[in-house]
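Hi everyone, thanks for making the time.

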Amino acid sequence: MTGATMIATALLFPLPASAQAQNGLSNLFGGIFSGPNQAPSPAAPGPSGAQTGVQPWTGEDGASGHPLMTAAAIREAAGNFNNCVAGMWPDAARRNITQEDFQRFTAGLAPDLRIMDLMDSQPEFTKSIWDYLDILVNDNRLAKGREVLAKYKAQFEATEKATGVDRYVIASIWGIESNYSTQMGDRSVLQSTATLACIGRRQAYFKDEFLSALEILNRGDLRPEQLRGSWAGAFGPTQFMPTAFKRFAVDGDGDGRRDVVDNPSDLIASTANNLKKDGWQAGQTWGYEVVVPQGFNYMLADRAKAMTVAQWEKLGLKRPTNQPFPHPAEKAYLLAPAGAQGPGFLMLQNFRVIMKYNPAEAYALAIGHFADRLRGGQPFVQPWPRQERELSRTERLELQQLLAQRGFYKGTPDGQFGGQTREALRNFQASIGVPADGFASSDALNRLRGQ
């Protein structure tokens, strides 16, 4: 399965539920980051592009514990699916969707309950950020990216001139999201979004996505067979959600359609328009790899604690090649994804823009680094702590529980490491006099155990 936006959620930087279905990182490696709950192989389309013969729903309660994700609630909602879809007609009419198109595109839709398992899957094991980067930024993908940049040079140049968005970042998103259009997902976007609009814990969000997908078809930008993608509804080589398509898709070649699936001009222009409208700064990079000095106060490594590059320099941060920073007045925050044992990164405005595409720091780091490599840049200089292993979900739960027992963690232990867990771990580390880097290593867990 490809196209779901949850690879990064199984990493060091899990996303909140509200962010898990935005256009972003595709599942182009199947379940590689999500443990045993892998998606089924693509099935043949049925009526209205719906899939038939997919792996069935397990029939189990969702791991989130949400009342709408219990097996009984899912069965009840599935039994009312046809009425739910039909009940969205007044909203569709208000969006100027014709009744003929509404009936044509919804005829034969059936819920894909396997999505309920995928929506609530909780991986037992995760990938480290260095393994993640190794997989995404590799020689084969770089070679293909350079071919794509050469093949569509005119389109990239025109878009870069019109928007100011770096062609290498656009090519990077294309490569990482779908391996250059070879792995885009094969679920019906209509079926997936209709299922999620009527069943499960995020119905209001996906109702908008479903109705937006109908608008796309009603306008004629795409055909139903082109609207295929992830279980969460992201589609095309750069994985637009239907609502994102409405906001950002443009007609790059003037043919009257906004085809972000099969038309390279529209795809490149639309992806650039997305980044531009999100605040891309022309001519600027995304950030810098930096050497963090011994004894540094890692409590400053926080997205909310931005300072000028010059201020970071005064604290001892420097580039590993000893090159000067080109714009000392730029505001940046420090990211230390592997704690004190790995490289640091000063992240600029364009990094935050990439994170609007997918709100995971690991994803944005992969995009920025891949873009630099396509441009001819070198790999990161400093080594990663490859001797470290990722904690299992059981260990992550234990770490949160131990932090809670000591009064550092105020949330509900769930095995998902977000900002609250990292802040709690930092405070614990500071209390025992070790680098407060928030890195959830086996050593940190052993210290919490008192070993």
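R303 is partly exposed, with a relative accessible area of 39%; for the cut-offs, buried is under 20% relative accessible area, exposed is over 50%, and partly exposed is in between, with a 1.4 Å probe and protein chains only. Its salt-bridge partner is E361, at 3.3 Å from N to O. By salt bridge I mean a side-chain nitrogen of Lys or Arg within 4 Å of a carboxyl oxygen of Asp or Glu. E361 sits in helix α16 and R303 in the loop between β3 and β4, so to speak distant parts of the chain, 58 residues apart. E361 is buried, at 6% relative accessible area.

A word on the ground rules: this is a predicted model, where local features need pLDDT of at least 70 and side-chain atom pairs count only at pLDDT 80 or more, while totals for chains, interfaces and linings use all residues. Residues are numbered from 1 along each chain as its sequence is written, and side-chain values use heavy atoms, with hydrogens and water left out. Helices (H or I, at least four residues) and strands (E, at least two) are DSSP runs, numbered from the N terminus.

R375 is partly exposed at 40%, whereas D166 is buried at 14%.

By this rule the count comes to 24 salt bridges, and those that share partners join R95, D208, E215 and K246 into one network.

Last stop, helix α4. In residues 99–106, D101, F102, F105 and T106 are buried. They lie on the same side of α4, because they cover an arc of only 110° around the axis, taken from the directions from the helix axis to the C-beta atoms. Among the elements covering them are α2 (81–86), α3 (89–94), α10 (189–198) and α11 (203–219), with contact meaning heavy atoms within 4.5 Å. After α4 comes G108, with a positive phi near 85°.
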